[in-house]
Amino acid sequence: MPAKRTTENAATLPEQVLIYLRISEDRTGEEAGVERQRNDCLALCKRLGFKISTEDIYMDNDVSAYLKKKRPDFEKLLARVKLGPTRIIVWHVDRLYRRPRELEDLIDLVETHPIRIEAVMGGAFDLNTHEGRLMARQLVAIASYESGHKADRIRRANQAKAERGEWHGPAKFGYGNGGVLIPEEAAAIREMADRFLAGHSLRSITRWLNAHSGLPAPRAHTGKTHGAWHETTVKSILASARISGQRAYDPGRPGGEPAEGRTILGPGNWEAIITPEETARIRAILGAPDRRVGASSQTLLSAIATCGKCGAGLVSGAQSRLNKDGKRVPKLSYRCPPIHGKPERGGLSVSRPGLDQLLADTVIERLTDAKLTEAEFGASGDVSAAMTRIIAARQRLEDLARDYGAGDLSRAEFHAARTAAQATVHDAESMLGKVNRTSALKGLPIGDRRALRHSWEQEWTIPQKRAIITTLVDTLIVNPDPNPGSRFRPQRVELTLKA
């Protein structure tokens, strides 16, 4: 029921009295700021002679009006206003609205719905009068102006903290408040990175986290994720500079980390879980424009094997056929799909089990070679060289920005030098994306044929096998079959291993 005045001078018409509470930032999640507002507003209601029920209190916690985020309870409050004459109790007018558009929406309701606002700080005004509207518009203009300046101050302060390498924000997965390492979560991140660099997909890592890690996903306590891990969360953690003890900052990107991570400014003042080199390699994989995801990761050689007629990547296919007993069984293949307008495409297929087995035998034989080591591929040297180029280019970018700000460079000189430095970073990161695949060999039982066969057949996932294949195989070409039939003919396959 709407609250009514209990004093002798109560209005003749029923008047509902509603309290609205809002706090923009709740770092602890304890709603302490909102609770203080509630107590002050309830005390004001008592002084004015109002009785309030819990249904008359609306609260948006950790929601900024200035950032245009949705305020669910504010929308419910407006719906209540339409029910009749309303008196709204707030701690301060800027808790109710901070943007002129929001005030105008409220004023539009006044034509048919009388509204009066009582504030703990700042007094009362009536939106049904010209004087009350003038006062409200002046206050909201001041609030909007102050919000803009506050946002600028916060951005400058955050950038300064980032440049000093200080921890920013609340606890993140792997770290508590202030960047204190959480050992069990750090161990999970270390495993996630190892699996990803060994060729595991984000999907398989997510399945492992949900089935075997025993750790709830970040923000599980909020109820938004139901405690389950999702691929987007895994990607965000792996791409973050934070887990390698580095400080990133990019004010132009609201929300979470982009696929390849935010711009890294330098080392942070907290303990790293993985190395900066590993972060660079992870980012190179995630940011690679030719990174294949989806169905190709479900079969061993899709998009790895190529057509000997047109050079296109083969895709998986399946047809049914009758066996000797007259039963229909699936016939699995890799094929070159036809494309309208390109007569050279299509018409080639090869047995999927046959080609998969040929590659398995070849890879196992290559890994059995006792002379094969990771060093043979030069991965560590390539990574080190690429990282040196990236670090030097980023330092040049910082120096250029400093010189341009001091007036030592013209605008044209600054943009030309910055473009060159950014191109260096891009080229080095592209090289990292190519050489990182050698991590697929990490921890393999090289030289032990029996262990390799067992791992291939029983343990390794399709993404991990694909990573090993792309590490060892240079080209895999399937030529047309001069004698078409159901039998797999190894002679059709041109397989070249990397030196």
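This is a predicted model: local features need pLDDT of at least 70, side-chain atom pairs count only at pLDDT 80 or more; totals for chains, interfaces and linings use all residues.

Trainee: Is Gly169 buried, exposed or partly exposed?

Mentor: The relative accessible area of Gly169 comes to 24%. Buried would need under 20%, and exposed over 50%. So Gly169 falls in between and counts as partly exposed.

Trainee: How far apart in space are Gly169 and Gly179?

Mentor: Along the sequence, Gly169 and Gly179 are 10 residues apart. Going C-alpha to C-alpha, the spacing between them is 9.4 Å.

Trainee: Zooming out, what share of the residues of the chain count as buried?

Mentor: The chain has 14 helices and 13 strands. Of its contacts with a separation of 6 or more, 62% come from residues 24 or more positions apart. As for burial, the chain has 499 residues, and the share that counts as buried is 41%.

Trainee: Now the aromatics. How do the rings of Tyr20 and Phe74 pair?

Mentor: The count of aromatic pairs is three. For Tyr20 and Phe74, the ring centres are 5.7 Å apart and the planes are at 65 degrees. Planes over 60 degrees apart put a pair in one class, so Tyr20 and Phe74 are edge-to-face.

Trainee: How many residues apart are Tyr20 and Phe74?

Mentor: Tyr20 belongs to strand S1 (residues 16–23), and Phe74 to helix H2 (residues 72–81). Both Tyr20 and Phe74 are buried. The pair links distant parts of the chain, with a separation of 54 residues.

Trainee: And which parts does the pair of Phe173 and Trp229 tie together?

Mentor: Phe173 and Trp229 are edge-to-face too, at 5.0 Å centre to centre with 90 degrees between the planes. Phe173 is buried, and Trp229 is as well. Phe173 is in the loop between H5 and H6 while Trp229 is in the loop between H7 and H8, so the pair ties together parts 56 residues apart in sequence.

Trainee: Which residue lies over the face of Tyr334?

Mentor: A charge counts as sitting over a ring if it's within 6 Å of the ring centre and within 35 degrees of the ring normal. Here the distance from the ring centre is 5.9 Å, and the residue is Arg352.

Trainee: How do H10 and H13 cross, left-handed or right-handed?

Mentor: Their axes are 9 Å apart, and the two helices pack at about 145 degrees. The crossing of H10 and H13 is right-handed.

Trainee: How many of the residues in that contact of H10 with H13 are nonpolar?

Mentor: H10 brings residues including Ala360, Val363 and Ile364, while H13 brings Leu452 and Trp456, among others. Charged residues number four and polar ones two. The nonpolar count is six.

Trainee: How many residues of H14 are buried?

Mentor: Helix H14 spans residues 462–472 and is mostly covered. Its cover includes helix H10, helix H13, strand S12 and strand S13. Among the buried residues are Pro463, Ile468 and Leu472. Out of 11 residues in H14, the buried ones come to nine.

Trainee: Last one: what is phi of Ala303 near?

Mentor: Most residues other than glycine have a negative phi. Ala303, in the loop between helix H9 and strand S8, has a positive value. Phi of Ala303 is near 70 degrees.

Definitions and conventions: Residues are numbered from 1 along each chain as its sequence is written. Side-chain values use heavy atoms; hydrogens and water are left out. Buried means under 20% relative accessible area, exposed over 50%, partly exposed in between (1.4 Å probe, protein chains only). Helices (H or I, at least four residues) and strands (E, at least two) are DSSP runs, numbered from the N terminus. Contact means heavy atoms within 4.5 Å. Rings of Phe, Tyr and Trp (its six-membered ring) pair if their centres lie within 6.5 Å; planes under 30 degrees apart count as stacked, over 60 as edge-to-face and the rest as tilted. Axes are lines fitted to C-alpha atoms, for helices over the stretch in contact, and angles run from 0 to 180 degrees between N-to-C directions. A crossing is left-handed if the near helix is turned anticlockwise from the far one by less than a right angle, and right-handed if clockwise. Ala, Val, Leu, Ile, Met, Phe, Trp, Tyr, Cys and Pro count as nonpolar, Asp, Glu, Lys and Arg as charged, and the others, Gly among them, as polar.
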